[in-house]
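Welcome! Take a look at the sequence and the model, then read on.

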Amino acid sequence: MIPRMRAVIVAGNWKMHTTPDEAGELARTIARRTDVAGVVRVLCPPFVGLQAVRDGLAAEPAGAGVGVGAQNVHHEASGAYTGEVSAPMLLGLATWVIAGHSERRRDAGETDALISRKVARAHEHGLRVILCVGEQLAEREAGRADEVVRAQVQGSLDGIDPAGADAWLTIAYEPVWAIGTGRNARGADAAAMAAVIRETLGTLGFEDAGERIAVLYGGSVSSANIDEFMAEPAIDGALVGGASLKPDEMAAIVARAGLTAQARAGTGRGGGSAGSAGSDAATG
Ligand code: PEP
């Protein structure tokens with residue numbers, strides 16, 4: 001059974017795409033095209049596009065329910081950190097933040113220890129966190145995927161108070177080999193990893209909260225494969241990169257997520273994950 005409070009979430013990571021003008025316009029279009037009951041939508045533009053996205057959503061009737069997220073945050077609240085952006089600076093611009101994306105682990109050398117400090121700082125300032133974890137291809141081929149992801153979850157949440165974490169923490173399982181490659185994981189493999197993640201959360205003291213924390217899949221999600229993931233009861237939505245820049249794709253992805261949300265709430269005709277309990281239709 002799917003715990004009552006587990007939301008269905010679709011988050012778009014725009015990476016280093018869109019100027020502020022483009023971001024505002026794209027946010028409005030996506031908000032209009034994805035106004036589906038029961039799905040929490042989050043758009044994560046570049047830092048410089050956050051205000052434009054907020055303004056764009058505020059100007060759009062369907063934008064009221066769309067959350068805005070940053071793609072990164074510094075682990076300190078302020079200081080001599082040239083070029084960085086802190087959690088308090090994001091307040092008023094974003095309510096969500098992505099932490100530990102594999103592109104930052106790769107390009108900025110982010111470690112689990114650093115990511116845990118970002119998670120803690122974001123939470124301290126009231127931001128909701130999407131924590132990304134996922135193995136490299138060589139690690140999967142060596143049969144080490146579970147071990148690697150388990151260690152990332154443990155390291156990235158080191159020192160985090162589990163109490164009430166389901167209200168602000170979401171985990172995105174993003175196998176590195178699937179990101180931006182057009183080669184997605186299989187739904188069953190993503191669901192198996194979601195179980196590993198929840199089991200790990202349990203060992204960290206998250207216990208029931210581990211069952212209530214949403215686990216998303218990310219990695220080449222598109223309208224063509226979203227069904228495979230949303231049909232898995234263990235998967236609560238998607239973190240979408242490339243396809244989140246395309247309104248047609250986002251419309252189809254959120255529509256499919258909406259079927260799962262409705263099925264969980266007992267109000268829909270299907271969705272492949274007909275949990276008997278309701279889902280959190282909260283906005284971002
Ligand atoms: C991502 O940026 O988190 C991502 C999953 O990208 P893509 O969907 O393009 O693989």
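## A first look

The largest pocket has 13 residues in its lining, and K15, M16, P46, Q71 and R104 are the ones that lie nearest its centre. Please keep in mind that this is a predicted model.

**The largest pocket**

- The volume of the largest pocket is about 340 Å³.
- Helix α4 gives the largest share of the pocket's lining, with 4 residues.
- K15, one of the residues that lie nearest the pocket's centre, sits in the loop between β1 (8-13) and α1.
- The backbone of K15 also deserves a glance: its phi is near 50 degrees, a positive value in a residue other than glycine.

**The enclosed cavity**

- Rolling a probe the size of a water molecule over the atoms shows where empty space is left.
- How many cavities of 30 Å³ or more does a search of the whole structure find? The search finds 1.
- The largest cavity has a volume of about 30 Å³.
- Its lining is made up of G100, S102, R105, C132, V133, G134, E174 and V176.
- Two elements, α4 (102-107) and β5 (128-133), each supply at least two residues of that lining.
- In the lining of the largest cavity there are 3 nonpolar, 3 polar and 2 charged residues.

**The cysteines**

- How many disulfides are there in this model? The count comes to 0.
- C44 is buried, and its relative accessible area is 0%.
- C132 is buried as well, at a relative accessible area of 2%, and it is one of the residues that line the largest cavity.

**Helix α2 and its buried face**

- Helix α2 covers residues 50-58, and its buried residues are L50, A52, V53, G56 and L57.
- Seen down the axis of α2, these buried residues fall within an arc of 165 degrees, so they line one face of the helix.
- That set of buried residues packs against three elements: α1 (20-33), β3 (66-70) and α3 (87-90).

- R41 has its place in strand β2, which runs over residues 39-44.
- Is R41 buried or exposed? R41 is buried, with a relative accessible area of 6%.
- Leaving aside neighbours within four places in sequence, the contacts of R41 are V10, A31, T34, D35, A62, G65, V66, G67 and V254.
- R41 and G63 are 22 residues apart along the chain, and 9.7 Å separates their C-alpha atoms.
- G65, one of the contacts of R41, is found in the loop between α2 and β3.
- G65 counts as buried, at 14% relative accessibility, because the cut-off for buried is under 20%.
- Between the C-alpha atoms of G65 and A31 the separation is 8.3 Å, while the two residues are 34 residues apart along the chain.

- G210 belongs to helix α9, which spans residues 207-212.
- With a relative accessible area of 1%, G210 is buried.
- Beyond its neighbours within four places in sequence, G210 is in contact with R198 and L201.
- G210 and W14 are 28 Å apart in space, C-alpha to C-alpha, and 196 residues apart in sequence.
- S220 lies in the loop between β7 (214-218) and α10 (226-230).
- The phi of S220 is positive, at about 60 degrees, although S220 is not a glycine.

Key:
Residues numbered from 1 in each chain as written. Predicted model: local features only at pLDDT ≥ 70, side-chain atom pairs only at ≥ 80, totals over all residues. Heavy atoms only, no water. 1 Å grid on protein atoms, 1.4 Å probe; cavity = no way out; pocket = protein on both sides within 12 Å on 5 of 7 lines; lining within 4 Å. Points joined across faces, edges and corners; volume = space filled by probe spheres on them. Nonpolar A, V, L, I, M, F, W, Y, C, P; charged D, E, K, R; others polar. Disulfide = S-S within 2.5 Å. Buried < 20%, exposed > 50% of the residue type's maximum accessible area, 1.4 Å probe, protein only. Arc of directions from axis to C-beta. Contact = heavy atoms within 4.5 Å.
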